[in-house]
Amino acid sequence: MIIGGVAGGLSAASQIKREDHGAQVIVLEKSGDVSYAACGMPYNLFFRDKPVEDLHALGLDAIRTERGIDYRLHHEVVGIDPARKEVTVVDRELSREYRESYDYLVYATGNKPNRLYLPGFDDDDVFYFKTLDDTRLVKKIIYEKAPAKALLIGSGYTNLELADVLCNMKITPVILEKSATILPSFAEEIRAKVLEKMSEKGIRLHTGVDIIEKKGTVVRTATGDFAADMVVVSIGVTPNTNLFTAAGGEVGVAGAVKVDRYLRTNLPDVFAAGDCAEHYVRQLGRNGYMPLGPVANKQGRLVGSNIVNNNAMKMFYGIDQTAVFKFFDLTVATTGLNERQIKDSGAHYVKTYVDTPTRGAFPGGGTMRVLLLCEIGTGLLLGGQMIGQDVVAKRLDVLATAIYKQMTVFELSELDLSYAPLYAPVWDPLLIAANKAVKEV
């Protein structure tokens, strides 16, 4: 029995059927959408006639017939009885309640957006851009009401990507941020480039803003009033754990479901995966919480395999906190530990960065900034961040691989990376950054 049918849930279900064709697998999904690519939601807004359903990872018929999964939409689990190994389910379409028993239960309920419980923020022109239903609503207001200005509350990945999209749709975004700065996990040298691009594109950013209320089309704050035709709130997420804790389940980091290295919870024969669960951070040697699509899919797959092979389970190998997002012509990316985490660990480190072309003498390239965080003395790679045009994300993946293998900057500087003017300078940006770091560790 799997509660939640998006990334972690569908991955678990698929892996179970892949390894045990005879297994009965039931997925209970309370929404009307099957698993979907949430990271593609901002870009779907560009295309008026492109259905939101194109973001579905797999069609419902394919899930049921090709994979043999009993996938039930609009079925909400409202109770878990771990002693009787039963769940109570409400079929929202038929308005009926029923119970299902399980041998193993996978809790994959994802997370929910943090909301502003302030006057006016339940208006129809306020959106929490988290689900496909949210995408449908935002798309509807964009194409039916043609808003000229959008107020984006919060300055994380989602709203920065939305700012990019809205600008290209000729809708003026204004960003309000409660904190003193944006992107706190990024180094100042990376953040400065993002702010520079904001200024270039004419995006107004207001930090240190305390919101009071929304009245009509005006959002009142302690620092002034802001008028807008639509408001998007993206101020972080909270793991969906109410159902789990009501059944006696334990939570851990950031209120996420507490799991061991095999992704088992404290409830018997109950596993957890995805955005509702903790994630083991390899460099820290402990669980953290970084809800992203890749980790949800990996955890789901492992849970499925561990259920089938319950006498020979494998540990979740963990994450290195690799992430990337687009901001206009810039790619912004990070992997490994950030400066705050390194300082908290007590490690002595050096930070170096270089600005370099992305290609040789060939049209179409750009420039990028590569920033490395290394342990003083050993040269061990602790983290890295990049920002720039052209091929940035795949270079970050090289760095993520190096961190996974616990390489030093000395070893990084010796990598035999490919060269042709169409793709890279003779000294790749990674090698230039590593050579500079070698001189400073």
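Helices (H or I, at least four residues) and strands (E, at least two) are DSSP runs, numbered from the N terminus. Residues are numbered from 1 along each chain as its sequence is written, and side-chain values use heavy atoms, with hydrogens and water left out. Because the model is predicted, local features need pLDDT of at least 70 and side-chain atom pairs count only at pLDDT 80 or more, whereas totals for chains, interfaces and linings use all residues.

Ala 228 has a relative accessible area of 5% and is therefore buried; buried means under 20% relative accessible area, exposed over 50%, and partly exposed in between (1.4 Å probe, protein chains only). When residues up to four places away in sequence are not counted, Ala 228 touches Lys 149, Ala 150, Leu 151 and Thr 217, where contact means heavy atoms within 4.5 Å. Phe 316, 88 residues from Ala 228 in sequence, is 45 Å away in space, C-alpha to C-alpha.

Strand S15 belongs to an open sheet of three strands, with the order S13-S14-S15 and antiparallel pairing. Strands S13 (211–215) and S15 stand at the edges with a single partner strand each, so one side of each is left without a neighbour in the sheet. From one strand to the next, the twist averages 20°. Strands of a sheet pair through backbone hydrogen bonds, either parallel or antiparallel; here, two strands pair if DSSP finds at least two bridges between them.

Strands S13 and S14 pair in the antiparallel sense over four bridges, and Lys 214 has Val 219 of S14 as its bridge partner. These two strands form a hairpin with two residues between them, and Gly 216 in the turn has a positive phi of about 65°. Strand S14 (residues 218–221) also pairs with S15 in the antiparallel sense over four bridges. In S15, Gly 224 is the bridge partner of Thr 221, and Asp 225 is that of Arg 220. A hairpin with two residues between the strands is likewise formed by S14 and S15.

Helix H1 (residues 7–19) and helix H8 (residues 293–308) have axes that come within 7 Å and cross at roughly 35°. Axes are lines fitted to C-alpha atoms, for helices over the stretch in contact, and angles run from 0 to 180 degrees between N-to-C directions. Among the residues that make this contact are Gly 8, Ser 11 and Gln 15 of H1 and Gly 300, Val 303 and Ile 307 of H8.

Of the 13 residues of H1, 11 are buried, and the helix is mostly covered. The elements that cover its buried residues include strand S1 (2–3), helix H3 (60–66) and H8. The end C-alpha atoms of H1 are 18 Å apart, which agrees with the 18 Å that its 13 residues should span at 1.5 Å a residue; the expected span is 1.5 Å times one less than the number of residues.

Helix H5 (residues 157–168) has 12 residues and reaches 17 Å from its first C-alpha to its last, close to the expected 16 Å. Its buried residues include Leu 160, Ala 163 and Val 165. Lys 170, which follows H5, has a positive phi near 65°.
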